[in-house]
Every structure is written in C-alpha cells, then in structure tokens.
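I would ask you to keep the structure in view while I speak.

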Amino acid sequence: MRRTISAITLLLATTACATTAPDMVSAPGERGMIAPILTTPEARDSSTYAQPEVARVTHVALDLDLDFDAQRVGGTAVLDVLAQPEAKDIVLDSNGLEIQSVTDGAGRPLAYEIGESVEKDGKGAPLTIALGGARQIRIAYRAPADASALQWLTPEQTAGGKYPFLFSQGQAILNRTWIPTQDSPGIRQTWEARITAPKPLDVVMSGVRQGEPEDLGNDRRAFRFVMDKPVPPYLIAIAAGDIDFAATGPRTGVWGEPATLQRAAKEVGDTEQLVEAAEALYGPYRWGRYDMIVLPPSFPYGGMENPVMTFLTPTFIAGDRSNNGLVAHELAHSWSGNLVTNAVWEDSWLNEGVTSYFENRIVEAVYGKQRAEQEAALAFAGIEETLAEVGRDAPGTALHHTSSGDEIGSAITYDKGHFFLRTVESIVGRERLDAWLRQWFDNHAFQPATSELFYGDMMANLVKSPAEAERLKLREWIFEPGLPSNVARPDPQAFAEVDAAVDAYASAGTIPAAYSGWTSAERMRFLDNIPKTRSAAQLAELDSSLGLSTTRNNEILFLWLELALANRYQPAVAQAEEFLASVGRAKFVRPLFQTMWNQGDWGRAIATRIYDETRDSYHAVTRGSVDRVMAKK
Ligand code: BES
Ligand code: ZN
C-alpha cells in the first residue's frame, strides 16, 4: 500500500518542517511536498465544509475551457487525496458548481451529494464524495454563469475594445465558485492546469506557464501551468485577454492590455529593486519569477498577491510611481500570506498586517525614510479615525477578530497590524525583530499559522525576559480591542509642513503655494485634514488652484470627489459619474456611493441614477459592497 497514510501523519499539528515522507507522494509525478495542516481548535476554519483530518486534497489538476460566448468555465478537476485508511468520504467546497460526473482515477463512478446551502453567506455547500478506497477523484463540471470569483468583460469593457477579458479573484472564499476543492487557507495544495482559450487571447495564471501554447486548430489554443509549491486554494488565479508582456528586469515583468502596457511598465519600473530589498530583509524570494498583470479598471481591489503573478488595478498608475507601495505590498505577501498563511480568516492580520509592516520596510529601503514615515503616518491617522468612529472597545478592533464589518475596513487588519510590529520594533530593536521575522518565515514556510502560534513563537524566540514581555503587551495587541498604550506613534515631524498648511488654510483660507511640490502622501494628508464642510466657492477655489479634478493620481482624485460630493458640489457630479462608470475598485467605489447616500434626497437620487448605469459593469465583490450601502435606509 504505497499511499496508505497513518492517522498520526494526517493529524499532525506541526510547527516544525513540512512532512515529506516519500511514501506520501501521490501519483502521478514526484510532487514531494505535502503541507501539514493545523488541528488546534483555533485553527478550525468555519468557512469551509472540508474535514481535512479525515481526508484532504493535496493536488488539483484542472483541464478547463474558457467559453467567452456563454461566459462559462467548464471541464474537469482531478484531485489527489490524502485520507485516513478508514475514511469513507471526502468533503469539498462548492458554491453553485454544476457537477456532471464524479469518478475515481480509473473512471469508476463515485457516489456524491451536494448538501444544504445556507443562503447568501458565500460559504456555498458541501460536496461530499464517497471515496470507496479511491485516492484520486475526477470531477467533470461547469462553473455557474454567475460565479462570483470570475468577471467576464465584453470587448467594450476593455481598454483595447476588441477582445473580451476574463479574470478571477479567489480571496477569501470565492474560488469554490469555479474550482471544486477544499477552499480553506489552511489546506495547501499543489496544482496544475490546462486551459483552452480562443485566439488570439493569452492566458496567465498564478503558476508557471509551461512552454508555448499548443495550437488546437479550431481557433483555440491550450496553455499549461504548474504550481509545484503547496498553496492555499484562494491563491489559484487566472486572467485571459488580449495582453502582452514587458520585462522590468531579469526575473520580473508585467502583462497588460497593449493600450496600457507601456504606462504600466514605466510605473512598475522599480520592481526588481523592490524584490531585492525584500530579500535583503527577510530572505530569498522562493517563487522563481515575480510577474504582474495590470487588469482592466473593473478589478475590485488595488492588488492581489497571486503567486508569481500579482494582479493589479490600473488605477494605481499615477505617472510618478507614487502609488508603488501597492507593488511592495503584493510582493511582501510572497512571504507573509503566501509562504506563511493565516489558517482562518479571523487571523487575516497575519497576512495583511505583517505585510503592511513589510511593505513599509521595503518602501523605506527603496524610496527612503521620509516617504515610509509619511505613509505610516497616513495609516496611523486611519486607525485613529476608525477607532473614533466605531469605539475603542468594539470587538472588531482586535487584530484577531470574528466580525469584519465594512466600517472597520482595513484600518485594523492592515494598519493596526503594521503598528503592532512597529511597536515591537521600537521595544526590541530592528535587528532582533528582523531576525525573528526571518526565522518565522523560514520555520513556517508553506504552512498555516494562527494568532496563538504567532504569539507562542514570539514568546519562545523573541522575548528575552518577563519584564520585556510586560512592556510588549503582545496579548493585548493581538486579542484586545483598541490601541495599547505602548504604541509607537509615527514621527510627528513627518507632516510638519503640511499640518501647518492645513492650519493656515483652516484659519485664514490660505491656499498652500507649496502644494505642487508636495509628495502624493503630503497632498493626501492635506485633503484628509482640511475642514470637511466647504462652500461651493471654496471648493471651486481649491480645485482651480490645486488642480484637483485634473490630477492623474486616482488616490487624490478620490479624496477630491469625496470632499466635493459630501458638500453637494454640483460641478463634481459629472466627474464622479465618469469615474464610477470606468473604475470598479471597491475601495473607491463604495465610499463614493456611501458619501452620496449620506446626502439625503440630493445624493440618493444621483447615486441611484449612476448605479443603475454602472452596477452591471462591477465585479461581484464591488457590487455586493455597494448593494449593502444602497439597501441601508
Ligand atoms: N490580499 C489583499 C486583497 C484582498 C483582501 C482580497 C481581502 C480579498 C479579501 C491585497 O493584498 C491587498 O491588501 N490589497 C490592497 C493593497 C493596499 C493595501 C496596498 C488593496 O487592494 O487596496
Ligand atoms: Zn494585502
């Protein structure tokens, strides 16, 4: 019995290296690494139906056709399974998948059942398959037409206007709408894929493309990809469209529509340096190449850290690389998130907070201390604003939290997480924190982690004395709401000049002459902090003297539109409409609708009119978040 696994191996809750006994390798191929799972109670993922202690997926092989006419994905998924000897079933996650057949590796039918679905929580339903001793299962299926992980764009929705486009977004629990597997961040799987697409479209995935595409003769081509490192399934991603590639260095490059590629490539021209800076901080980049794709503007996020192929919004392109913290951020996830992964979404600060700290360190290394301090100060202001809004005792303001309401947003998971590590750095010193983080990534590489594991590791490998532990307040930082008193505040000098300009504007209406020479962060600080209530004349003056409505920087444009709409400034409405019709990034779109919605009849009428026009063009993530805004009375 080559592939019989002992209960001990399956149940292994490991904090040590990956277990790679040769007899655990599932045929075909020598994939080597079977990633361990965590089985401590707090590592139990409530967002999956899988029971990985009984049977789990170790490898996914997809063979899928992209049907742009029907806007459907379909084909087969062959799963390698690691199971207890006595395991009867394996439970997968499915959200709307149309299952055509399930067989074992030899083609013998296996009984299966799709269980009850709790409506609208996105968790979908359990797909339970009777193993009958099988250790490989083959599922023929189609993704539903409304699979929320996938966005199909018509040619009109692309920059080129000639060809359709498809992209996926898996995080957090969307991939179960197009891939039948155990969709939990604590259950890592290697994968491979064969994807067919109509000519002349190109396909990229979050895996390594194998050779040249195969011409199938029927106006279609087949592309092959392999990810030989075990990854959580939310990191399987695909994009297809009329795209080209531009190198930015020997192991980095960017894909994009021909119409945006040159601008994109210029904007990410520092990528090779960012990778080098990241490696100098926390050890070698372990994924081979680091490529990016700049997607059409309906991509619902700023970026997504899909391995070897970061997905990016085109809205970060400002012409001056000022929003490149985004690239540093997604790159940093190659360690925090993709190497060491939160086992449950309640611990997503382990991905996003650690990454935000890491991002800031990369920015410091490549762009200098001042820019890094300014970006940190902006983040800190966001934490304080959020705490003032939701209350310092709101449970959702603990790093480890169960409710992730829209109103708390990223200030806690990202920015409080960032300031937690800043605070640790201020107490133990940079050298010790860096050494600790490096061993954290090395010792938990390709494994899941929890808040408790992180805490335990810090206590064991970083903290030197009970007195130091007391000063650090680790448990308060991780498990309690609010902001601990030992927080390392940002340098008050970071924005000294801008803050003085804010005061001068607020008290005497002085428009800062220095604005045109300010950094992007300085401009944002100014717009964030000036008085929120402005007359039409004051807004017109701000706009004409600072060129707000004509900026190429979407972060600035967004702040301007927010300010203008909050003051019912009619001249900004047409521009807001144009922006909302072309951009689908939820971070911009949701607050703009919210701001209009808060403006009573005036704003609600405009919001409703615009949303009627734009809703269909948004990704399901953005649509969902705006629906929630517009449903509130
Ligand atoms: N992993 C996130 C995107 C994400 C978060 C998708 C939660 C689904 C659920 C990505 O790394 C991210 O944080 N993006 C930010 C970038 C920013 C903080 C620089 C974004 O999209 O704005
Ligand atoms: Zn992130």
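**A buried alanine, and the chain around it**

Let me begin with Ala-576, which is buried, with a relative accessible area of 1%. Please bear in mind throughout that this is a predicted model. Ala-576 sits in helix α16, which covers residues 573-582. Which residues does Ala-576 touch, not counting those up to four places away in sequence? They are Leu-561 and Leu-565. Another relation in this region concerns Glu-562: its C-alpha atom is 9.0 Å from that of Ala-576, although the two residues are 14 apart along the chain.

Between helix α15 (554-566) and helix α16 there is a loop, and Arg-568 lies in that loop. Arg-568 is not a glycine, yet its phi is positive, at about 50°. Its relative accessibility is 46%, so Arg-568 counts as partly exposed.

Along the principal axes, the C-alpha trace spans about 80 × 65 × 50 Å. Of the 633 residues, 59% count as buried. If one takes the contacts between residues at least 6 apart in sequence, 70% of them join residues at least 24 apart.

As for the surface, the chain exposes about 24200 Å², and carbon and sulfur atoms supply 50% of that area. There are 59 positive and 82 negative side chains, and the centres of these two sets lie 1 Å apart.

The chain is divided into domain 1 (48-323), domain 2 (335-479) and domain 3 (532-630). How far apart are the C-alpha centres of domain 2 and domain 3? The separation is 32 Å.

Is Asn-342 buried or exposed? At 0% relative accessibility, Asn-342 counts as buried. Leaving aside neighbours within four places in sequence, its contacts include Pro-185, Asp-347 and Ala-449.

I close with some details of the backbone. The peptide bond from Gln-171 to Ala-172 is cis, with omega near 0°. Ala-172 is placed in the loop between β9 (165-168) and β10 (189-198). A cis peptide bond also joins Lys-199 and Pro-200, with omega about 0°. Pro-200 is found in the loop between β10 and β11 (202-205).

Finally, Gln-71 belongs to the loop between β1 (55-67) and β2 (72-83). Phi of Gln-71 is near 55°, a positive value in a residue other than glycine. With a relative accessibility of 29%, Gln-71 counts as partly exposed.

Thank you for your attention.

Terms used:
Residues are numbered from 1 along each chain as its sequence is written. Chains are lettered from A and ligands numbered from 1 in the order in which they are written. Side-chain values use heavy atoms; hydrogens and water are left out. Buried means under 20% relative accessible area, exposed over 50%, partly exposed in between (1.4 Å probe, protein chains only). Contact means heavy atoms within 4.5 Å. Accessible areas come from the Shrake-Rupley method with a 1.4 Å probe; for residues, only the protein chains shown count as cover. Lys and Arg count as positive and Asp and Glu as negative; His and the chain ends are not counted. The place of a charge is taken as NZ of Lys, CZ of Arg, CG of Asp or CD of Glu. Domain bounds come from an automatic or database domain assignment. Helices (H or I, at least four residues) and strands (E, at least two) are DSSP runs, numbered from the N terminus.
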